[in-house]
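Here is a briefing on one predicted model.

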Amino acid sequence: MAGTKVDILEISVESYRTLLENFPVYFRLVRWPFLFLAGVACLLTALDHAGLTLAAAWVFLAIDVMVMLPVVTAWHRLVLLGFGNPTVRSDYSFGWEEWLYIKCTLVLLAIYAAGGFAYYFAVDWALRVVPSAIMGLLVLPVWLGLMGLFARLCLTLPAAAIGRTLSMADGFTATVGNTWRIALLYLLISLPAGFLSLLFIAMTDSAEGDTEALSLADFLQVIVGMTPGFLFVPIYVAALSLIYRQLFLAPPPAPAGNGTVS
């Protein structure tokens with residue numbers, strides 16, 4: 001509903017609480033994708049180290065998106081429809097909702113890419129006419145504002161995960177007045193993720209050896225470095241789902257945390 005204010009603190013807390021109370025459910029969803037992607041990451045690391053590919057990161061990103069898609073859509077459904085709802089398709093599977101999700105994702109990626117190029121060229125131009133000190137103060141708030149605007153378009157994703165269609169125009173209209181609230185919401189829930197990622201980077205950097213040959217420790221560092229991302233995927237997905245739920249759905253009747261999902 002247009003004009004409804006998104007509750008930042010409520011969504012932040014519930015996004016984390018949902019994962020903590022239902023972690024066994026998420027673990028069952030993500031365990032095999034994590035092992036598969038860890039193997040792919042190790043293989044691409046070896047190929048990249050051998051000089052056989054210069055695009056290992058992009059290849060991994062594409063594979064990652066496809067492999068994690070059923071995990072993401074299942075988590076959307078569980079948050080929106082209830083963890084105790086026996087009618088919710090909550091296993092790792094690929095149905096028509098996933099195809100709808102892919103369609104929405106491709107449209108959003110095209111918009112994101114176009115916006116990213118525009119932002120880059122705008123900043124490049126501004127650096128030539130605006131003092132760097134002023135630009136340094138403007139870059140973060142401008143970027144946050146743009147991310148808030150983009151997130152308002154992304155409400156098509158939780159809708160797709162439960163088999164509904166929501167136009168970007170309707171999602172954008174429903175979130176009028178919430179751009180900065182949504183931007184601050186994602187900044188807030190990203191703080192623990194950023195801290196944990198920096199901690200993992202520091203741990204892996206301190207463990208690096210002097211040898212140029214790949215070792216078991218190098219592969220372990222790759223796997224450990226993937227962990228924060230997997231832990232925070234359900235946080236970000238839940239936040240978007242909860243925004244959608246506040247605006248378009250009633251809360252699910254069954255409380256989260258009973259761990260009855262099969």
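The largest pocket has a volume of about 1,500 Å³. Its lining is made up of 36 residues, and helix 9 gives the largest share, 9 residues. The count of salt bridges comes to 6, while a search of the whole structure finds 0 disulfides.

This is a predicted model: local features need pLDDT of at least 70, side-chain atom pairs count only at pLDDT 80 or more, and totals for chains, interfaces and linings use all residues. Residues are numbered from 1 along each chain as its sequence is written, and side-chain values use heavy atoms, with hydrogens and water left out.

**Largest pocket**

- A pocket is found on a 1 Å grid over the protein atoms alone: it is an open set of points where a 1.4 Å probe fits, with protein on both sides within 12 Å along at least five of seven lines.
- Lining residues have an atom within 4 Å of a point.
- Grid points are joined across faces, edges and corners, and the volume is the space filled by probe spheres set on the points.
- Phe 150, Leu 157, Tyr 186, Tyr 236 and Val 237 lie nearest the centre of the largest pocket.
- Two or more lining residues come from each of helix 3 (56–81), helix 4 (96–129), helix 5 (132–153), helix 8 (179–206) and helix 9 (216–248).
- Helices here are DSSP runs (H or I, at least four residues), numbered from the N terminus.
- The lining divides into 30 nonpolar, 5 polar and 1 charged residues.
- Ala, Val, Leu, Ile, Met, Phe, Trp, Tyr, Cys and Pro count as nonpolar; Asp, Glu, Lys and Arg count as charged; the others, Gly among them, count as polar.

**Salt bridges**

- A salt bridge is a side-chain nitrogen of Lys or Arg within 4 Å of a carboxyl oxygen of Asp or Glu.
- Glu 14 and Arg 245 form one, with N to O at 3.1 Å.
- That pair links distant parts of the chain: Glu 14 sits in helix 1 (residues 8–21) and Arg 245 in helix 9, 231 residues apart.
- Both Glu 14 and Arg 245 are buried (under 20% relative accessible area; exposed is over 50%, partly exposed in between; 1.4 Å probe, protein chains only).
- Arg 17 pairs with Glu 21, the closest N and O atoms being 2.9 Å apart.
- Arg 17 and Glu 21 are both in helix 1, 4 residues apart, about one turn of the helix.
- Arg 17 is partly exposed at 31% relative accessible area, and Glu 21 is partly exposed at 36%.
- Glu 14, Arg 17, Glu 21 and Arg 245 are linked in a network of salt bridges.
- Arg 89 bridges to Glu 98, with the closest N and O atoms 2.8 Å apart.
- Arg 89 is partly exposed at 24% relative accessibility, whereas Glu 98 is buried at 0%.

**Glu 97**

- Glu 97 lies in helix 4 and is buried, with a relative accessible area of 13%.
- Leaving out residues up to four places away in sequence, Glu 97 touches Arg 77, Arg 89, Ala 160, Ala 161, Ile 162 and Gly 163 (contact means heavy atoms within 4.5 Å).

**Cysteines**

- The search of the whole structure finds 0 disulfides (pairs of cysteine sulfur atoms within 2.5 Å).
- Cys 104 is in no disulfide; the nearest cysteine sulfur, that of Cys 154, is 10.0 Å away.
- Cys 104 is buried at 16% relative accessible area.
- Cys 42 also counts as buried, at 15% relative accessibility.
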